[in-house]
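Please consult the sequence and the model while reading.

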Amino acid sequence: AAHFEGHIEVNGNLMMRNGGDVILGDCAEEFQVSHTSMSAEPGSVMVLDEAGAVRPCSEAYDKRAVGVVSGAGPFRPAIVLDRVESATDRAPIALMGRVCCLVDATFAPVEAGDLLTSSPTIGHAMKARDPVSAYGTVIGKALQPLTAGRGLIPMLVALQ
């Protein structure tokens, strides 16, 4: 076993076996976070603002939805595109793979396999029940159920 503090540079392949509590679950890309945004917490559903930055969602079936901030729960991004090391106002948005997402099941219970879209609960997804409204607003597919309340569940990223 080893303990490292600071940056580690590897020239070649890095292989993790039996990684314990770190699961590399998605490919993400960093986006600028809106200056008017409250936060970009991991698991939050994010939408574009007028300037092209991202902020937490606050409307159901928002066509500006771009995805979920990577890094919640046990999942970490395996790859982060367009990373700016010195920037503090950017957030990694999962583009593909598994990511944990904040979900509000007060609108409808969520079952594994349900499509998810933005909800009026800030930063949360909900079950996409209306196929017409869901077109162009789906962010992914639930991988676990959430029968009531609010919670963090894994989803498969699938922007539609």
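Helices (H or I, at least four residues) and strands (E, at least two) are DSSP runs, numbered from the N terminus. The model is predicted: local features need pLDDT of at least 70, side-chain atom pairs count only at pLDDT 80 or more, and totals for chains, interfaces and linings use all residues. Residues are numbered from 1 along each chain as its sequence is written, and side-chain values use heavy atoms, with hydrogens and water left out.

**Asp 49 and its loop**

- Asp 49 lies in the loop that links E2 and E3.
- Asp 49 is buried (under 20% relative accessible area, with exposed meaning over 50% and partly exposed in between; 1.4 Å probe, protein chains only), yet it has no salt bridge.
- A salt bridge requires a side-chain nitrogen of Lys or Arg within 4 Å of a carboxyl oxygen of Asp or Glu.
- For Asp 49, the nearest side chain of opposite charge is that of Arg 55, 5.9 Å away; Lys and Arg count as positive and Asp and Glu as negative, while His and the chain ends are not counted.
- The Asp 49 side chain does reach the backbone nitrogen of Ala 51 at 2.9 Å, and that of Gly 52 at 3.0 Å.
- These are polar contacts, that is, pairs of N or O atoms within 3.5 Å; within protein, one must be able to donate a hydrogen and the other to accept it, and residues adjacent in sequence count only if both atoms are side-chain atoms.

**The sheet E3-E2-E4**

- Three strands, in the order E3-E2-E4, make up an open sheet with antiparallel pairing; two strands pair if DSSP finds at least two bridges between them.
- Strand E3 (54-56) and strand E4 (65-68) are at the edges with a single partner strand each, so one side of each has no neighbour in the sheet.
- On average, neighbouring strands of this sheet are turned by 35 degrees against each other, direction ignored; axes are lines fitted to C-alpha atoms, for helices over the stretch in contact, and angles run from 0 to 180 degrees between N-to-C directions.
- Strand E2 (residues 45-48) is joined to E4 by three bridges in an antiparallel arrangement, and Val 47 is opposite Ala 65 in E4.

**Pairing around E9 and E10**

- Seven bridges connect strand E6 (residues 90-104) with strand E10 (residues 150-157), and the two run antiparallel; Cys 101 is opposite Ile 153 in E10.
- Strand E9 (residues 138-142) is antiparallel to E10 and joined to it by three bridges; Ala 142 has Met 155 as its bridge partner in E10.
- Strand E7 (residues 115-118) is likewise joined to E9 by three bridges, running antiparallel.
- Lys 141 in E9 stands opposite Leu 115, and its bridge partner in E10 is Leu 156.
- E9 is largely enclosed by the rest of the structure, because four of its five residues are buried.
- Leu 152 belongs to strand E10 and is partly exposed, with a relative accessible area of 40%.
- The C-alpha atoms of Leu 152 and Lys 127 are separated by 13 Å, the two residues being 25 apart along the chain.

**Cysteines**

- The whole structure contains zero disulfides, a disulfide being a pair of cysteine sulfur atoms within 2.5 Å.
- Cys 27 is in no disulfide, and the nearest cysteine sulfur, in Cys 100, is 17 Å away; Cys 27 is buried, at 13% relative accessible area.
- The sulfur of Cys 57 is 8.3 Å from the closest cysteine sulfur, that of Cys 101, which is too far for a bond; Cys 57 is buried at 0% relative accessibility.
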